[in-house]
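Good morning, and thank you for coming. Please look at the sequence and the structure as I place them on the screen.

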Amino acid sequence: MATPHHHLVFICNPAIGNLVPAVEFAVRLVHHDPRFLATFLALDIPGRPLVNAYTQSRFSASTSQNIQFIAIPSAQPPSPALFHSHIAYLSLYFESYKPHVKQAIIDLHNPQNSARVVGVFVDMFTTAFIDVANDLQIPSYLFFASPATFLSLMVQLPKMDRDRVESLIRDSDAEFVLPSFAHSLTSSLLPSTVLKTRDGLFWYAHHGRRYGETNGVVINSFTELEPHALSSLGEIPPVYAVGPLLDLGGPAQWQPSRATHQSVLKWLDGQPERSVVLLSFGSMGSLDKAQIREIAFGLQRAGFRFVWVVRQPPKSQLEHPDDYSDLDDVLPDGFVTRTAGLGLVCGWVPQVSILSHGAIGGFVSHCGWNSILESLWFGVPIATWPVYAEQQMNAFEMVKELELAVELRLDYREGSKLVTAEELETALRRLMDGGDEVRARVKRMGEKCRTVLLENGSSYTALNSLIEKLTAQIL
């Protein structure tokens, strides 16, 4: 293997949805061109055991991959009194990490090191570290883990008239246009943080404004999936669509409940092909007890085989959901007995290994972008149930723009009217029995997911273009 000469530094929001695709991008890059070495500066936020398990597994497994992880000393968190929104609090927290990150990059940038730091990658909410890169005269880049449609919103928000934004916040039915969408949207599809707090809106616009200061944007998408959205972004800065970036083998190695995982796979082995629906709402998704009861009744009414991932809400504002110690506390009385043999209810399991199983025929999903890409890769159609972040826009894109999903809800979020058992039953029947056209389109897109990564594929070519830029600036 060639000795690395070019060093890249990544600073990511420590959330599974952001961190995992960034690591997969780094893995692909260093395998594609072994002249590169990638270092992740690990920022710590308490109360995220899943992130910690992932990071620890990468610490131990990365030595032979030209990838390393360095833990950054904990910074002083902002006062809880400043918690006006999740994104505002995180953004202030990352600001306090700047001295520690700067010193870590200085240590890596030591002239005695054989690999010189040639780029600093931030993600959608760690733009504070662009200042560090500028101070050290190192080019900065943005790694964007969400779709091009959401990138367009982030870029457009700072440009939007303030009165227009205020009107969107006041009226959930107000229509607006984004260049990345062929159809107009309603404000009910905007992220909750934008709709509910001016503080959140400020920080979204702040980060979006800073994207233009970087030397390029690497996005977890590909031309064949989002042709209109990607072409609408323009070239300032250049956008490199190198997706799909998926951790296809890793979750089973680092997830904390391997016994549960194995029992689910064993049960799936005994089910007919494409007969089981997976219901899962992501690493940060949870639903209240009333909604859980409606899902239970809907599953009973529909009668399809199922694997249902149920997680309890986080105990504090910065923590992630966790598994219930006793699922009987939230499920309707007798539900497990009545559905014995028909389905399984469990805590968090590695989603990739479940979706890849031949018994899975449909996926009720929160529409996180990583989950969408995984479902497309394995050719499993989705019924849309967005919960948080940009997932309402993702659901709209999948159903209305790309026609790659079945609509359950497009604008569900915390505080929404309950999805009834009848709604779920109807969506499940469309997904499992009546979605042949959607299933065929998803299968074709799954084939494209693979071809874009081959030599001369669009993502392969985009990665080569990025490498040319990273190396040309140091010649």
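Asp329 is found in the loop between strand E13 (322-323) and helix H14 (335-338); helices (H or I, at least four residues) and strands (E, at least two) are DSSP runs, numbered from the N terminus. This is a predicted model, in which local features need pLDDT of at least 70 and side-chain atom pairs count only at pLDDT 80 or more, while totals for chains, interfaces and linings use all residues. Residues are numbered from 1 along each chain as its sequence is written, and side-chain values use heavy atoms, with hydrogens and water left out.

Asp329 is exposed, because its relative accessible area is 51%. For this term, buried means under 20% relative accessible area, exposed over 50%, and partly exposed in between, with a 1.4 Å probe and protein chains only.

I turn now to salt bridges. Side chains of opposite charge can pair when their charged atoms come close. A salt bridge here is a side-chain nitrogen of Lys or Arg within 4 Å of a carboxyl oxygen of Asp or Glu. How many salt bridges does a search of the whole structure find? The search finds 11.

One of them joins Glu425 and Arg301, whose closest N and O atoms are 2.8 Å apart. This pair links distant parts of the chain, 124 residues apart: Glu425 is in helix H18 (residues 421-432) and Arg301 in helix H13 (residues 289-302). Is Glu425 buried or exposed? Glu425 counts as buried, because its relative accessibility is 15%, whereas Arg301, at 43%, counts as partly exposed.

Another salt bridge is formed by Arg35 and Asp33, with an N to O distance of 2.6 Å. Here Arg35 is partly exposed at 32% relative accessibility, and Asp33 is buried at 9%.

Glu213 and Arg210 also form a salt bridge, their closest N and O atoms being 2.9 Å apart. Both residues belong to a network of salt bridges that links Glu95, Lys98, Asp131, Arg210 and Glu213.

Finally, please consider two loop residues. Asn220 is found between strand E8 (217-219) and helix H10 (227-232), and is buried with a relative accessible area of 0%. The side chain of Asn220 reaches the backbone nitrogen of Leu245 at 2.7 Å. Thr126 is found in the loop between strand E4 (116-123) and helix H5 (130-135), and counts as buried at 0% relative accessibility.

Key. A polar contact is a pair of N or O atoms within 3.5 Å; within protein, one must be able to donate a hydrogen and the other to accept it, and residues adjacent in sequence count only if both atoms are side-chain atoms.
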